[in-house]
Amino acid sequence: MLSSARRGWIGASLVACGALLAVAAWTGVPGGDTGERAPARAVDAAELDLLHRAGELLVQDCMRARGFSYWPVPRVPHPDFRDFPYGVDDVDWARGHGFGRAIERQLDEQAASGPAGQYVRGLSDGQRDAMGAALLGPEPTGLEVESPLGGTLSHSDRGCVTESWRTLYGDVKAWYRSSETANQLAAVRTGRVNQDPAFGKALVAWSACVAGRGFPAGHPVRQREEQLARTGPQAEAQDVPMAVAQAECARSTGFADTAQDLHARLSDRIRAENRAAFDAMRRMQVAALPTARDVVARHSGG
């Protein structure tokens, strides 16, 4: 009989792993670090795609060797997927997608009805447990890092995801420690942006603007979350006009510019404060590129 904690770990392991996606928010941005040793360069979007693709293929190979099927997932889940950490600020995107409800619905439907979802549903409870353990390891132990948000994060040092890290990056403890720190620091950055007085001042102007357009709200992210929580034809009919108002007000009031400027400046500051973690992660990413190219070429028959 599995403990509830272990069942939670196993259940989480059956979602698409996207193991390399976590650090994407920090790539391709020039660093402001100074020091005797030059800071490691960030991989660009194409290189990040390569690393992600190679990692997914390695997971697929490992899972097949353990008797399970696995379907690699793309780094970007949908061609029109966008992340707006401070609210929608792209007017054209808002006109075409509202708050992205249709994109999220399509991804949910694909996950449920696609080959991976059908495969997992066809397994017995015991087989699903075994598959989860093969993917992420039997227990979240072996790899640890202190989270910048507080507490300790842990991950198994076994399982196919960890094996893919070992093949690409070598030192899985160093990779987990540095990449998960970078991942957690993205949330730290968002929090600092939201707490900045300049952001608060711009937010007041944005809030007055959307209220004047008939969509009163205190924060664009909460406005989106609350709107997407509403269901039914009448609610969905408001998605596009509300999102367009959010984006147009973000532009016309200067809220978007303020948020983007703070995001860039605080990115530099946080990287400087955590230079060791970012340098370690970036150097391992750059060093892994030749292996990643070989893995992708091998699977492409090249």
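Which are the buried residues of α9? They are Phe-199, Ala-202, Leu-203, Trp-206 and Val-210. Buried means under 20% relative accessible area, exposed over 50%, and partly exposed in between, with a 1.4 Å probe and protein chains only.

## Basis

This is a predicted model: local features need pLDDT of at least 70, side-chain atom pairs count only at pLDDT 80 or more, and totals for chains, interfaces and linings use all residues. Residues are numbered from 1 along each chain as its sequence is written, and side-chain values use heavy atoms, with hydrogens and water left out.

Helices (H or I, at least four residues) and strands (E, at least two) are DSSP runs, numbered from the N terminus.

## Helix α9

Helix α9 covers residues 197–212. Its 16 residues should span 22 Å at 1.5 Å a residue, and the end C-alpha atoms are 23 Å apart, which agrees. The expected span is 1.5 Å times one less than the number of residues.

Seen down the axis, they fall within an arc of 110°, so they line one face of the helix. The arc is that of the directions from the helix axis to the C-beta atoms. These residues pack against α8 (172–195), α10 (220–229), α12 (239–252) and α13 (255–273); contact means heavy atoms within 4.5 Å. The face turned away carries the exposed residues Pro-197, Lys-201, Val-204, Ala-208 and Gly-212.

Asp-196 caps the N-terminal end of α9. One of its side-chain oxygens lies 2.9 Å from the backbone nitrogen of Ala-198. After α9 comes Gly-214, with a positive phi near 90°.

## Aromatic pairs

Rings of Phe, Tyr and Trp (its six-membered ring) pair if their centres lie within 6.5 Å; planes under 30 degrees apart count as stacked, over 60 as edge-to-face and the rest as tilted. The count comes to seven aromatic pairs. Tyr-86 and Phe-199 pair edge-to-face, 6.1 Å centre to centre with 65° between the planes. Tyr-86 lies in the loop between α2 and α3 (91–97) and Phe-199 in α9, so the pair ties together parts 113 residues apart in sequence. Tyr-86 is buried at 8% relative accessible area, and Phe-199 is buried at 1%.

The rings of Tyr-169 and Trp-175 have centres 3.8 Å apart and planes at 10°, so this pair is stacked. Tyr-169 is buried at 8% relative accessible area; Trp-175 is buried at 2%. Tyr-86, Phe-199, Trp-206 and Phe-255 form one aromatic cluster.

Definitions and conventions: A polar contact is a pair of N or O atoms within 3.5 Å; within protein, one must be able to donate a hydrogen and the other to accept it, and residues adjacent in sequence count only if both atoms are side-chain atoms.
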